Amino acid sequence: MKPFVFFCLAFYSVSSLFSTEANESPSGFTVDLIHRDSPLSPFYNPSLTPSQRIINAALRSISRLNRVSNLLDQNNKLPQSVLIPHNGEYLMRFYIGTPPVERLAIAETGSDLIWVQCSPCASCFPQSTPLFQPLKSSTFMPTTCRSQPCTLLLPEQKGCGKSGECIYTYKYGDQYSFSEGLLSTETLRFDSQGGVQTVAFPNSFFGCGFYNNITVFPSYKLTGIMGLGAGPLSLVSQIGDQIGHKFSYCLLPLGSTSTSKLKFGNESIITGEGVVSTPMIIKPWLPTYYFLNLEAVTVAQKTVPTGSTDGNVIIDSGTLLTYLGESFYYNFAASLQESLAVELVQDVLSPLPFCFPYRDNFVFPEIAFQFTGARVSLKPANLFVMTEDRNTVCLMIAPSPVSGISIFGSFSQIDFQVEYDLEGKKVSFQPTDCSKV
């Protein structure tokens, strides 16, 4: 256990942690999601071509998975967090403390902890804005080892400080990214409806990190992680009663100059024509992630079954590519190549393995992902990208580099409203023009 600069603790009842300011926390609100390659993002690089951005995003997708394989132990047990958060695709702004301090975080359906870098920091990655100073906030409060939120951490994630404060340790799948600090409570605020309205959630649990590291990502522009996963300390779990345990997003196509939308509560509910729903599966050994059961993929009139019924794919907004189990992927790819009647070309948009020459009047077959109870038909724009010279098309689906882990990624979810109903244990899809949401 590393030494910490400790804060004076006040003792309080656990029930007080869950109090809310009803007049500031409506049953529904909407925030902006900024794609990291959008002109609105601080990470935007105008010198990159669209193909280069696709390649970089594909490499980030692989990085979220391919470092996990060497972490599997003899029992094939996966690490605390499979997906590496700093390689996520979407950012969101929020405000922490009183007075409120703006933070920019990765919005992560693959993480269940909210954390920011705090001062005084023993070892932090560089960031361009000042660290959050908890002693300057009138609403900051560390939790104790015996408090209810501390018990929500896994045994390997928690420790007890000399003064009885709860210390969290989160390690991610690349072995180098981590956050360690005080599990605390604070007021979180979000701009809703383009800043017209502000919603506040006091006494929210978050990690005040004094030892942090994030690799690969240009970390100086990042200040933390906003966990949207299924675990008990994620944002959506903490504010679940206020939002009906529901949230949704609608992701714009890559290169859009607008922001995608992340909706909570009443505003997240999708209804009307074209809505299909499939069971959400939460696995005890990976409680952060939202699993779905993919029964088959259809290519034109041919069905390629997965042969699995146990929740075999993670739906994730932070991984661009869709990854399928290796043997299933090659069966699917063979059917697709047969339907397209094309010869594959190599090393066009590495690391995308399925690329072929484009020709005018090309007819793409209908492709649908058949989840249990929900047939999700994907347009070519959800499946393929074209090089700038318009000579080559590449498939945005690849074989998974990690045995046993498949991902339904964000590219396949573009222009769908995707609703997560944690209470009803289902995920719903509706084809939508997300620019009009």
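How many disulfides does the count come to in this predicted model? A disulfide here is a pair of cysteine sulfur atoms within 2.5 Å, and by this rule the count comes to six.

Residues are numbered from 1 along each chain as its sequence is written, and side-chain values rest on heavy atoms, with hydrogens and water left out. The model is predicted, so local features need pLDDT of at least 70 and side-chain atom pairs count only at pLDDT 80 or more, while totals for chains, interfaces and linings use all residues.

**Pairing along the chain**

With bonded cysteines counted along the chain, the disulfides follow the pattern 1-8, 2-3, 4-6, 5-7, 9-12, 10-11.

| Disulfide | S to S distance | Angle about the S-S bond |
|---|---|---|
| Cysteine 118 and cysteine 208 | 2.0 Å | -120°, left-handed |
| Cysteine 150 and cysteine 166 | 2.1 Å | 80°, right-handed |
| Cysteine 250 and cysteine 434 | 2.0 Å | -80°, left-handed |

**Where the cysteines lie**

The elements named below are DSSP runs numbered from the N terminus: helices are H or I runs of at least four residues, and strands are E runs of at least two.

The link of cysteine 118 and cysteine 208 is left-handed.

A second disulfide is formed by cysteine 150 and cysteine 166. This pair links distant parts of the chain, with cysteine 150 in helix α2 (residues 148-151) and cysteine 166 in strand β7 (residues 166-171), 16 residues apart. Cysteine 150 has a relative accessible area of 2% and is therefore buried. Cysteine 166 counts as buried because its relative accessibility is 0%.

Another disulfide joins cysteine 250 to cysteine 434. Here, too, distant parts of the chain are linked: cysteine 250 is in strand β11 (residues 246-250), and cysteine 434 is in the segment after β28 (426-431), 184 residues apart. Cysteine 250 counts as buried because its relative accessibility is 3%. Cysteine 434, at 4% relative accessibility, counts as buried as well.

Key
Buried < 20%, exposed > 50% of the residue type's maximum accessible area, 1.4 Å probe, protein only.
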